[in-house]
Amino acid sequence: MSSPPHPSRPPPPARPVAIAGCGAHVPARVLTNRDLERMVETSHEWIVERTGMRERRIAADHEATSDLALEAARKALQSARLAPADVGMIAVATITPDHPFPNTACLVQSRLGARHAFCVGLEAACSGFLYGLEMARRLVETGAVPNALVIGAEKMSAILDWKDRSTCVLFGDGAGAAVLKPAPAGRRGILSTVLGSDGSLADLLYLPAGGSRRPASAATVAAGEHYLRMRGREVFRHAVTHMAQAARTALHRAGLGIQDIRWVIPHQANLRIIAAIGERLGCPADRFIINVERYGNTSAASIGLALDEAVRDGRIRDGDLVLMVAFGAGFTWGASVLEWIQPT
C-alpha cells in the first residue's frame with residue numbers, strides 16, 4: 001500500500017505592505033494655455049472652464065519616457081533609503097514606452113544600476129500606476145521579492161496631434177514613482193485595492209496605428225493614425241461612474257467610509273471629472289489632492305506625481321488614510337486605500 005501523499009505546506013501568512021518612499025519628475029518646459037492659443041484654435045478661458053488646466057510640462061525632443069522615469073525612481077529610492085542594487089522588482093506603467101520592446105523598466109534598471117531586479121512593463125493607461133502597485137504589493141506580500149519600485153511615466157506629447165484642440169490641450173509629460181516594502185510592525189500600509197476593465201469600450205480612447213493590427217506605414221502616418229483619439233463625452237461619463245464605484249468598493253473592503261479618509265488622490269484627468277466624483281462620494285473638495293492645473297493629464301504618472309507633491313509639502317502626514325482612484329483607456333479603472341507611513 002502506498003503511503004498517503006505528504007501534506008502540502010501551508011502558505012506563509014500575508015504581511016502588510018506599505019509605500020516606503022516616493023518620487024516624481026517633470027520636464028523643464030512649461031506649456032501654458034496662452035502658448036496653446038498661438039498653436040491651435042482655443043482660448044485660455046475655454047481650457048480652464050472645461051478642464052481646470054492652466055499649464056502642463058512638455059519633454060524636450062531628446063527626452064524619452066525612460067529619462068523621466070529614471071529621475072523619479074532615483075528620488076523614490078532616496079526617500080525609501082534603498083540602494084539600487086537592493087531593488088527586487090521594477091515595474092514601469094506607460095502607454096508611451098521608449099520602444100515597443102525592450103520594456104522601459106529594463107532601460108531604467110540598466111541606468112539605475114538595479115542589477116538584481118527583474119523588470120516588467122505595464123500598459124493600463126491612466127490606471128497603470130495603481131495596477132503596478134497592486135501587482136508589486138502581492139509579490140512583496142508573499143515574500144517573492146523583498147521590495148519593489150513602481151513607476152508611472154509618460155511622454156504624452158509624443159502621441160498628440162497638436163492641431164486637434166479637443167486633445168492636445170489636455171495632456172502633459174512626467175513621472176511618479178513609489179517603493180513598496182513590508183510595513184513596520186503594527187502598521188497597516190495598503191489596506192485594499194480594486195481593479196477593473198471593460199474592453200468593449202476600447203474604441204472610445206485609443207491609438208489607431210503602430211501595433212500589429214495596423215503596423216506603421218506611409219499611409220498610417222499620412223492619416224494621422226499615430227495620434228491619440230478620444231470621444232470625450234463618453235469617456236467623461238464612464239470615468240465618473242467607474243471611479244466612484246471603485247472607490248466605494250475599496251472603502252468597503254477596507255472597512256472604512258469616506259468620512260474616514262483624510263485625502264483623496266484622483267487621476268488628474270479633468271477638474272470637472274474630479275468634482276463629479278467628489279459629489280458622488282459625498283467628499284468635500286478640500287480633501288482632494290489636485291494639481292491638474294499645473295501638469296494636465298499625465299496618464300500613468302498623474303497619481304504618483306500628486307502623491308509625491310502632497311507628501312513633500314506636508315499635506316499627507318503619518319497615519320493619514322489615503323484613497324487613490326484612477327480611470328484610463330481600455331477601459332481600465334482602479335482604487336486603493338492605504339495608511340500613509342512616513343519614511344524615517
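A residue is called buried when its relative accessible area is under 20%. In this predicted model, T298 has a relative accessible area of 1%, and therefore counts as buried. T298 sits in the loop that links α10 (292-295) to α11 (302-312). Leaving aside residues up to four places away in sequence, its contacts are E154, G172, D173, G174 and L305.

Most residues other than glycine have a negative phi, and most peptide bonds are trans. A positive phi also turns up at R81, again a residue other than glycine, with a value near 55°. R81 belongs to the loop between α3 (65-80) and β4. Here the setting is on the solvent-accessible side of the scale: R81 has 61% relative accessibility, and because exposed means over 50%, R81 counts as exposed.

Peptide bonds give two further points of interest. F101 and P102 are joined by a cis peptide bond, with omega at about 0°. P102 lies in the loop between β4 (89-93) and α4 (104-112). Another cis bond connects G330 to F331, where omega is about -15°. F331 is placed in the loop between β12 and β13.

The largest nonpolar core holds 50 residues, and the members that touch the most others are I258, I261, V264, L281, L323 and F331. Two or more residues of this core come from each of α8 (232-253), α9 (271-281), β12 (321-328) and β13 (332-339). The biggest share is that of α8, which supplies nine residues. In soluble globular proteins, nonpolar side chains tend to be buried together.

Not counting residues up to four places away in sequence, L323 is in contact with A247, L251, I258, I261, W263, V264, I265, L281, A335, S336 and V337.

Methods
Residues numbered from 1 in each chain as written. Predicted model: local features only at pLDDT ≥ 70, side-chain atom pairs only at ≥ 80, totals over all residues. Heavy atoms only, no water. Core = buried A, V, L, I, M, F, W, Y, C linked by side-chain atoms within 4.5 Å. Buried < 20%, exposed > 50% of the residue type's maximum accessible area, 1.4 Å probe, protein only. Helix = DSSP H or I, 4+ residues; strand = E, 2+ residues; numbered from the N terminus. Contact = heavy atoms within 4.5 Å.
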